[in-house]
Amino acid sequence: MFLITLALQIQLAKGGRAQRKQRQAEERLRPYWGRTNPEKLCKLLKCHSPIGSLCQVVNEGSVSIPKCICPQTCPGQGEPVCSVLGKTYGNECLLYKEACRKRRRTNVAHRGPCLAPRAECTEAEYSQFPYRLMDWFLVLKRMGESFSSPAPPLSCLSHAQRRTLAERRFVALDRNGDGRLSHRDLKKLHYKQMPLEHCAQRFFNSCDSNGNRKVTLQEWIGCLVVRTETWFQDFTSMKMGSKKLCPARHNHL
């Protein structure tokens, strides 16, 4: 009984903090209500409460304002989306409706249905895997972040930025902080939620260059960053971050 009561107290405390953070986020944008396009304000509003909600433009009196809400009804049709948890929804509204019902924060990984797993990993998919994985890491990093302009894609980040992205994920996965990833650490990636997850085991085995069942940071960088850049250049005949490919405004992470 004590444990149940304690769990409820913790849950209520977290809910209270989320509501306070939500009020603070809305107050920061209040001076711009009625003066700035509410759709733009929605892109700046990070939703803390209700958990799983998304920002939509609603009418409050005679003013249209951004507000984090849980969808009650959704259109029957729309563009399918794939969540970062690897599940396909008929449209974005349905994703957030379920997220609110389950009180789970999630986001859209990409437009269109999730890639259906296949039994075999083709050579083309295997070569592309590090790029897809790095792109997935970038999506996870940006969950809940707001941008005044469209965020740059992975292909427009600098080599240093891509390396930093890979290093951050390495640190997050390194449970004991020994500077090496074990097979147990790599299981935290949840293969079934990853793009081209049917290539995951083969790819990570290849990262263990000396066969000691551990992946060092140097091996990790070589597998992800170097092989991502190699695949991109071979596939597009362009270097990642090329000025021809990326406008000047796409030079930040």
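A: Start with the largest nonpolar core, which has 33 residues. A nonpolar core is a set of buried Ala, Val, Leu, Ile, Met, Phe, Trp, Tyr and Cys residues joined through side-chain atoms within 4.5 Å. Buried means under 20% relative accessible area, with exposed over 50% and partly exposed in between (1.4 Å probe, protein chains only). F137, F203, F204 and W220 touch the most other members. Helices α4, α5, α7 and α8 each supply at least two residues of this core. The largest share, 8 residues, comes from α4. Another core, of 10 residues, lies apart from it and includes A25, L29, L41 and C47.

This is a predicted model: local features need pLDDT of at least 70, side-chain atom pairs count only at pLDDT 80 or more, and totals for chains, interfaces and linings use all residues. Residues are numbered from 1 along each chain as its sequence is written, and side-chain values use heavy atoms, leaving out hydrogens and water.

Now follow α4. Helices are DSSP runs (H or I, at least four residues), numbered from the N terminus. Axes are lines fitted to C-alpha atoms, for helices over the stretch in contact, and angles run from 0 to 180 degrees between N-to-C directions.

Take α8 first. Helix α4 covers residues 123-142, and helix α8 covers residues 217-236. They pack at about 110°, with axes 8 Å apart. The two are therefore roughly perpendicular (65 to 115 degrees; under 35 is roughly parallel, over 145 roughly antiparallel, the rest oblique). Contact means heavy atoms within 4.5 Å. On the α4 side, the contact includes Y126, Y131 and F137. On the α8 side, W220, L224 and W231 are among the residues. By class, this contact has 12 nonpolar, 3 polar and 1 charged residues. Here Ala, Val, Leu, Ile, Met, Phe, Trp, Tyr, Cys and Pro count as nonpolar, Asp, Glu, Lys and Arg as charged, and the others, Gly among them, as polar.

Next comes α7, residues 200-207. Its angle to α4 is about 75°, and the axes are 10 Å apart. That makes α4 roughly perpendicular to α7. E123, Y126, F129, P130 and L133 in α4 meet A200, R202, F203, F204 and S206 in α7. These residues divide into 7 nonpolar, 1 polar and 2 charged.

Among the contact residues are F137 and K141 of α4 and L165 and R169 of α5. The classes are 6 nonpolar, no polar and 4 charged.
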